[in-house]
Amino acid sequence: MRQILAGTVASRGMALGRARLVQPSRYAVDNRPLAEDEIGSELERLHSALDTARLELRELRGKLHGALAREVNEFIDAHSLLLDDPELLRGLDDLVKIGHYRPGAALKKQRDKLAAVFEAMDDPYLRSRKEDIDQVIARVISALQRQTSAEERKLAARVGEILIADSIAPADMAHQAGNGLLGVVGSSGSAYSHSAILARSLGLPMLVGTRDALSSIHDDDLLLLDAEHGEAIVHPTAQDLARYRAWQRESVAEGRRLATLANAPTRTRDGRDIHLLANAESTTDVALARARGADGVGLYRTEFLFLRRKSLPSEDEQFIAYRDLVIGMGGLPVTIRTLDLGADKADASGLALRGEDNPALGVRGVRLSLRYPAVFTTQIRAILRAACYGPVRVLVPMVTQPDELIAVRTLFKLARTELEREHVDLPEKLPLGAMIEVPAAALNVRALLDHADFLAIGTNDLAQYVLAADRGNDALDNIYNPLQPALLRLIAYVITSGRRAGRPVSLCGEIGGDTRFTALLLALGLTEFSMHPSQLLLVRDRLAGLDRSALRKAAISLTRAATHEDVETLLAHMDPGFGPVASG
Ligand code: PEP
Ligand code: MG
């Protein structure tokens with residue numbers, strides 16, 4: 001019988017597929033004890049499943065590219081570490097050898113034990129890591145089942161499924177998207193979570209907060225996921241299917257229309273030229289940015305060079321990555337951001353300080369770089385060398401006060417002198433800019449402008465610091481809202497201050513590439529947008545329909561609004577394309 005479940009749209013689109021439920025904590029395992037002569041072969045089976053799980057994670061890492069690869073890789077790192085955890089492995093062996101547990105039952109027992117340890121932790125972040133345990137153990141159990149059951153093997157190979165889960169790890173989503181996953185229905189979760197961001201980037205429709213999904217939907221139920229309207233329809237009718245086919249036809253036509261915009265100029269309806277820049281971290285991103293007609297790279301995150309390894313990358317290694325980026329953009333400007341590492345990112349090189357109580361408020365970004373001038377100088381030298389191959393700008397993350405920019409400039413000067421002595425070719429000029437993502441930097445931006453050649457507003461972090469709401473914490477969706485007037489006032493102030501000082505100001509947080517915010521950002525005076533390359537055509541298209549001078553007149557009322565609800569109402573009046581923000 002047809003049933004409709006309501007959820008919040010985290011990533012738009014529609015999909016028709018069979019439901020596959022993931023209920024990691026309810027593993028069905030065989031609890032009969034092993035006979036003595038089965039122990040050896042079962043132990044082998046367990047180890048081979050662990051190897052398969054490790055291999056799957058390695059393969060997944062190799063396949064990932066794009067702006068979100070860094071975030072997904074953090075999860076892969078965490079999961080890989082768990083799979084090699086000596087205590088977990090010893091516990092499993094003991095359960096099989098001494099306790100006569102079958103591998104599946106041993107995995108479940110270890111899962112329950114570790115989950116209880118994590119659940120008892122005070123720190124909410126560590127407590128939430130219980131999900132990692134579930135996901136890792138589920139991966140091993142699935143490998144174990146694939147070894148024995150032909151049915152499971154068949155299931156694993158089938159495509160056309162919509163995943164129904166409490167939550168899904170970004171790494172698993174990326175893996176399954178490559179294996180025919182069509183969409184995701186989460187019974188909990190937030191539209192601002194890493195998984196939601198990844199789903200948007202992968203173009204996978206996704207609902208979150210679909211409360212009864214796990215109890216109302218059954219494996220293999222036919223499901224129409226309508227993430228345009230926030231509905232999951234179980235056993236859709238012929239009428240539902242006709243609606244789905246109409247949507248498919250429209251989205252194909254829309255895709256064709258957008259493709260024609262690849263070489264079009266970026267201009268508002270009233271003729272104002274806008275700069276569209278790409279956030280990039282891989283060669284795929286660079287290729288896409290070129291193909292979609294980006295005006296340059298507005299944010300190149302260099303952390304990924306440091307995150308996937310145990311030692312620090314050498315100067316040559318960094319030079320090659322930066323040079324290839326510059327060459328890849330074929331003469332268009334490229335903005336390289338210096339290292340933005342901190343204890344909040346899994347840093348295998350060991351550079352970030354450990355044990356900070358509040359890593360997001362700790363030694364991160366330029367604070368960390370200035371603590372390790374030798375490591376920083378290696379990066380600076382690599383950037384200076386790469387800057388001979390095309391126009392490069394340098395962007396400094398997590399700037400709080402002018403002395404940080406002064407110190408970075410000094411290090412650049414010293415590195416220049418050193419390289420000159422080594423007769424290395426050097427660029428004539430290398431503009432140095434500040435990311436505005438710390439509230440103090442935004443409020444004191446005029447002082448920073450004495451030392452910065454350009455500014456880039458990082459709204460992902462600026463929002464979390466202004467609102468005191470962790471950007472990854474799903475429970476704070478009602479606060480972590482880009483329409484909060486306090487945030488808009490700061491953005492408007494930074495843009496105006498930059499313009500008055502004659503310095504370019506771009507914006508490279510998630511909202512820069514989200515068409516629901518395009519009119520708002522135009523109204524606040526933004527003329528340089530930087531975004532994931534997959535968003536470039538959508539934003540170009542949106543801009544073409546907007547009248548900048550009319551929107552600018554609304555800037556004052558937007559920044560004077562009292563609440564984000566008021567901003568939402570104002571925007572709904574100004575911009576017919578504006579949809580509710582909580583619904584992705
Ligand atoms: C930001 O904070 O908005 C930003 C673009 O940087 P990141 O997401 O890498 O912290
Ligand atoms: Mg940031």
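This is a predicted model: local features need pLDDT of at least 70, side-chain atom pairs count only at pLDDT 80 or more; totals for chains, interfaces and linings use all residues.

Trainee: Let me start with one residue. Why is Asp240 called buried?

Mentor: Its relative accessibility is 4%, and buried means under 20%, so Asp240 qualifies. You will find Asp240 in helix 11 (residues 238-259).

Trainee: What makes the pairing of Asp240 and Arg2 a polar contact?

Mentor: The two side chains come to 2.7 Å, and the cut-off for a pair of N or O atoms is 3.5 Å. The distance is within that limit, so the pair counts as a polar contact.

Trainee: Now the metal. How do you know that Glu437 and Asp461 coordinate the magnesium ion (ligand 2)?

Mentor: Their OE and OD atoms, respectively, sit at 2.1 to 2.2 Å from the ion. A donor has to be within 2.8 Å of such a metal, so both residues pass. The pair links distant parts of the chain, 24 residues apart: Glu437 is in the loop between strand 13 (432-436) and helix 18 (439-443), and Asp461 is in helix 20 (residues 459-466). Both Glu437 and Asp461 are buried.

Trainee: And ligand 1: which residues are closest to it?

Mentor: Arg301, Arg337, Gly458, Asn460 and Arg471 are the closest of the 14 residues that surround ligand 1. Helix 20 gives the most to this shell, with three residues. By type, the shell has seven charged, four polar and three nonpolar residues.

Trainee: What places polar atoms of the protein beside the oxygen atoms of ligand 1?

Mentor: Look at the distances. A polar side-chain atom of Arg471 is 2.9 Å from an oxygen of ligand 1, and an N or O atom in the side chain of Arg337 is also 2.9 Å from a ligand oxygen. Thr459 takes part through a polar backbone atom, at 3.1 Å. On its own, ligand 1 has 290 Å² of accessible area, and the protein covers 99% of that.

Trainee: Last topic, cysteines. How many disulfides are there?

Mentor: A search of the whole structure gives zero. A pair would need its sulfur atoms within 2.5 Å.

How values were computed: Residues are numbered from 1 along each chain as its sequence is written. Chains are lettered from A and ligands numbered from 1 in the order in which they are written. Side-chain values use heavy atoms; hydrogens and water are left out. Donors are N, O and S atoms within 2.8 Å of the metal (3.2 Å for Na, K and Ca); water is not among the atoms, so sites may look incomplete. Helices (H or I, at least four residues) and strands (E, at least two) are DSSP runs, numbered from the N terminus. Buried means under 20% relative accessible area, exposed over 50%, partly exposed in between (1.4 Å probe, protein chains only). A residue is near a molecule or strand if one of its heavy atoms lies within 4 Å of it. A polar contact is a pair of N or O atoms within 3.5 Å; within protein, one must be able to donate a hydrogen and the other to accept it, and residues adjacent in sequence count only if both atoms are side-chain atoms. Accessible areas come from the Shrake-Rupley method with a 1.4 Å probe; for residues, only the protein chains shown count as cover. Ala, Val, Leu, Ile, Met, Phe, Trp, Tyr, Cys and Pro count as nonpolar, Asp, Glu, Lys and Arg as charged, and the others, Gly among them, as polar.
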